[in-house]
Protein chains: 4
Amino acid sequence: MTVRVGVIGAGMIGQDHIRRLTEVVTGASVTAVTDIDAGRAAQAAARFGATVLPTGADLIDSPHVDAVLVTSWGPTHAEHVLNAVAAGKPVFCEKPLATTAEDCLRVVEAERAHGRRLVQVGFMRRFDPGYRQMKEVLAAGSIGTPLIVHCAHRNPTVPDAYHSAMAAQDTAVHEIDVLRWLLDDEIVSAQVVSPRATSRRFEHLQDPQIMLFETANGVRIDLEVFVNCQYGYDIQCETVGEEGLVRLPDPAAVGIRTRGRHSTAVPQDWKARFADAFDTEFREWIASVAAGAEPTGPSAWDGYAATVITDATVQSLDSGGRLVTVDMKPRPAFYGGTA
Amino acid sequence: MTVRVGVIGAGMIGQDHIRRLTEVVTGASVTAVTDIDAGRAAQAAARFGATVLPTGADLIDSPHVDAVLVTSWGPTHAEHVLNAVAAGKPVFCEKPLATTAEDCLRVVEAERAHGRRLVQVGFMRRFDPGYRQMKEVLAAGSIGTPLIVHCAHRNPTVPDAYHSAMAAQDTAVHEIDVLRWLLDDEIVSAQVVSPRATSRRFEHLQDPQIMLFETANGVRIDLEVFVNCQYGYDIQCETVGEEGLVRLPDPAAVGIRTRGRHSTAVPQDWKARFADAFDTEFREWIASVAAGAEPTGPSAWDGYAATVITDATVQSLDSGGRLVTVDMKPRPAFYGGTA
Amino acid sequence: MTVRVGVIGAGMIGQDHIRRLTEVVTGASVTAVTDIDAGRAAQAAARFGATVLPTGADLIDSPHVDAVLVTSWGPTHAEHVLNAVAAGKPVFCEKPLATTAEDCLRVVEAERAHGRRLVQVGFMRRFDPGYRQMKEVLAAGSIGTPLIVHCAHRNPTVPDAYHSAMAAQDTAVHEIDVLRWLLDDEIVSAQVVSPRATSRRFEHLQDPQIMLFETANGVRIDLEVFVNCQYGYDIQCETVGEEGLVRLPDPAAVGIRTRGRHSTAVPQDWKARFADAFDTEFREWIASVAAGAEPTGPSAWDGYAATVITDATVQSLDSGGRLVTVDMKPRPAFYGGTA
Amino acid sequence: MTVRVGVIGAGMIGQDHIRRLTEVVTGASVTAVTDIDAGRAAQAAARFGATVLPTGADLIDSPHVDAVLVTSWGPTHAEHVLNAVAAGKPVFCEKPLATTAEDCLRVVEAERAHGRRLVQVGFMRRFDPGYRQMKEVLAAGSIGTPLIVHCAHRNPTVPDAYHSAMAAQDTAVHEIDVLRWLLDDEIVSAQVVSPRATSRRFEHLQDPQIMLFETANGVRIDLEVFVNCQYGYDIQCETVGEEGLVRLPDPAAVGIRTRGRHSTAVPQDWKARFADAFDTEFREWIASVAAGAEPTGPSAWDGYAATVITDATVQSLDSGGRLVTVDMKPRPAFYGGTA
């Protein structure tokens, strides 16, 4: 009954997911690990009683691996996912599915050729209780047809390696995915507006950025990305509809009154903020694999869509803020739905 | 058309009310002032262009005084109010109406003998927008029949002169009045529970205190009085009914996110917290006087009731926490209502 | 001592201001009224004991008028204000100062020629306690240098006469003024983004609209204007700075728990939401007039700036969303400040 | 590595815990089940692949059972726990540990005789993130020495079988346990105040009740128990200290603005409200068993203390509200701590 997972990539996020599959989610075990750094692989494997295998291909082929988790360096994702699809094994790929739209499409084509869904992409927001409540409210029609979404995605700080394009590729990509799902609608254009940059940034970085998206149904999205906001990790989302609005809650935290102020703590990182979402994401993925069912989370198509939309966003930023039309292929019927 | 007010007592609260009648409320002027300290009276009178009169009796008799405001030392209240009633002039008396139940009753009897209401007592909570909203919710039946009220009355600090009985006499008396009005019900017993005292208090002071009241209808009220809570001036009130509850809001204040916390300011004194209530209290009183109508605010009977209930509360405190039945006369039909 | 105000225009807003000057604000009386509809003028005058005068010019010239309030039809504002300036009398002009930038400039020039400020324009947001708290927070440097402002301005519904340009001219103009003051910065460009329109709108109306502004210092402002949001009158404003953010509070309202929900009421119109702001606006204006001082509220220059910025906004809307540079004259030193 | 759990009692709560141990918590399996209703045991066992054993004693003796979970009928708890202690096996006992103080003491004595802790009692509040945050705030000294705790425990409705004593035994017992732990202090007296009863109750039921507790350190606790409050399942807790207060948050839920109100959902039952607490409770218990360590959750002593305190509370209710001193044995050093 236990799903035996092989993990490609034993870096920080890989190790965290191994821990999750081993200590948090029932019904799974990690049987094999590989990493470009053999020592790191050995360490992770030892900790959880798994075998080290030399390459991703070996791991995918292993008879002791029922399902594959790809948490390696982004540029290697596509190859591993394609191998897993070729082997007919379910594969969970951390974002991004691939670093180029072309590679994403190769995965999409391979999966379609295979004939059933095997791929899930690691966008965890869809598993967050707040976003799920928001989707229920929209589905129930409580606020009417959505017209506008206001979002903010703030990190206290980012390391020096973070560059301006990553605001779309690494940060906004989460909103891009979750809003497509939330609205059941496709994003058709992107535009980046650049406010005065914070003096707390590195010289090379445009921070904050305001991203404007339009959907096929005409919904307008504004998203503030501010990755050096200093005060905390803060995710805001408000959907305005014809008859009302719905707003994501702040995480529950004790209220304190001292020294003239009432206050609550703001989370300091995404791990704390989305801990429940990550757990649910893997719990549901393992359950789908155990049931022999297609995954219900973000698909290869969603991975492709996120990539072409972030590409358009970066293109707008690079062009000084021009509105850029998203160049997306028609959605194959294979993937159902709208967005 | 302008109501000419004579003010007996030009101390801090008297001066603040003179300012209010002169600068905030329309339709009123302060024409005469008296004070036991002639210099203080002269100063206040000079500031607002009023005449100084030697005594309260002179002021009440003055043909330039339409209505009387009593803000002198508590023990002198009854005499001034009785004189005003004898003169047939509307009189606003800061709390307490009198320092003993007997003197309150003398005012009540004098007013009844006069045949129409002339006296309003200065309990300003009834004019606070939050309490008024709460009364509307109760009146609309939105939460059903009230069963319980939870209250807290906290001051950041009090001066050395504050003694344990003042927790009832000066502090809780505001809740006592406003809850009688809110519930349209009478308080029939009082009991004081003494928690561990704060080490931030003076030696002689029992602080905090928890006061328990029961009403004629069986509603139970718990009231925390904590006058050295350090962090701010904080008034809480929650009424629980058969179908729901209603809670007083905190004052609106900008929210700030910095250094890992979301916070709002807590008021630091009652003047800021109840500024609107004081303004409305005097606006409505002046309007009733100008219209030649009976006042609609707290009556002499309410002043009497507050005194006998605080007496019972102090008696419970002094007895080590015994439940004390409130010894109140039957409510005269003259005063209408229930409580 | 009493400031005798003459009122030009006795329509709904004029009558409300007459009531305010008469019943709410001390130190003022309304001595003269004029209106294009003589009957309406007579009615308003009778109610408050004022004299009816045939024209605005007569009223301005009256020896019984110390200060002028212009609440007539927008296109007549400039003429009345110019007459008041010519007469050297303080004048409070409801927004807009004039319907064209040219006419606003004529007022500015006349006032400069006169040599001291006489004109105040009726933007009441600057007198709202929430915005004032926000300005204090910014001034104290608590959130660092401002970078972004997110705003929403929602009305439950608007009448049929409301057309798309009014979203800028009548609605967003309040945010335009208050943000210039809040940030002490000038708006230099405007752009309108048009989301899917609500089906609850009239055919001719683009509603909602998202307006994007940039300031001289590079602050980016996004403002949702949604005048048929159905659920209430809702004003949101959040300023994001280098070290934190500050957010306007919702008005204080009792919280209720019934039938599975915790809820608070949302205001239903601007009169309720900004009642305090209007009162303070007139209280401070009358105080400045009584003191013979220059007004401290929005100036003729602010009226001009608001007009050219709304012009640019409407131009962007009409052009299908093009970014439009605000064509503003250099700010005269006469008006001090930055914005 | 896997902890093999045997479950005594396969009723609703037993089945929910079996599901939790099987599907939510890693490192555990349910290998044996017993129930007085053999069919129910068979059904539960079949669902999770466990063996049915005829009696609790058989289950405790089974070599396939490492640890015992007691979820049978309350009056049988003591016997099963004593058997588990005799067998030297870790045992998790749903509240109550026993239905009488005497039986609780028998468990305490047996465990002391055994020489190390084997027993954990199922008070899940200690594992709730909100209470844990509150304990951290208290431990950090952020609000100073605790003086008062205000609590409310509300259920929407209860079934007909619920009688007045259960307000203490089944409902308040959760606050009694969590407050002893939160304050690290012992409850020394109890008193029940009976407000007007809701007309939505059964005739036999005193609902709501207000319970007053005093601790050894003089902290005063007031707890509203209202089990037919209609509107939802609502848990409130506020601790007031010498320098401030800390308040339990409401669960995070999306905010909605429609039809003139801003609202959030209130949970409807304890399962939803404390789902995370239950999961953490079992995760930590299984981890302690797997590590061969003593349990860190509520001890047999805590089970005893809760029982004697609820006994005192019921005695006060039955006596018409008399203050009842808690008759508790001295705390054995074996159990460490204070409370």
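**Chain A and its neighbours**

Modeller: Start with a strand pairing: Leu245(A) has Arg257(D) as its bridge partner, in strand 13 of chain D. This is a predicted model, where local features need pLDDT of at least 70, side-chain atom pairs count only at pLDDT 80 or more, and totals for chains, interfaces and linings use all residues. Residues are numbered from 1 along each chain as its sequence is written, chains are lettered from A and ligands numbered from 1 in the order in which they are written, and side-chain values use heavy atoms, with hydrogens and water left out.

Biologist: How many bridges join strand 12 of chain A to strand 13 of chain D?

Modeller: Four, and the strands run antiparallel. Strands here are DSSP runs (E, at least two residues), numbered from the N terminus. Two strands pair if DSSP finds at least two bridges between them.

Biologist: What area is buried between chain A and chain D?

Modeller: About 2,100 Å², with 56% from carbon and sulfur atoms. That is accessible area (1.4 Å probe) lost on putting the two parts together, summed over both. Thr26(A), Val254(A) and Arg257(A) supply 26% of what chain A buries there, more than any other three residues.

Biologist: How many salt bridges across A and D?

Modeller: Zero by the rule, which wants a side-chain nitrogen of Lys or Arg within 4 Å of a carboxyl oxygen of Asp or Glu.

Biologist: Switching to chain C. What is the salt bridge count with chain A?

Modeller: Four. Glu238(C) and Arg154(A) form a salt bridge through their side chains, at 3.0 Å, N to O.

Biologist: And what's the buried area for A and C?

Modeller: About 2,900 Å², 55% of it from carbon and sulfur atoms.
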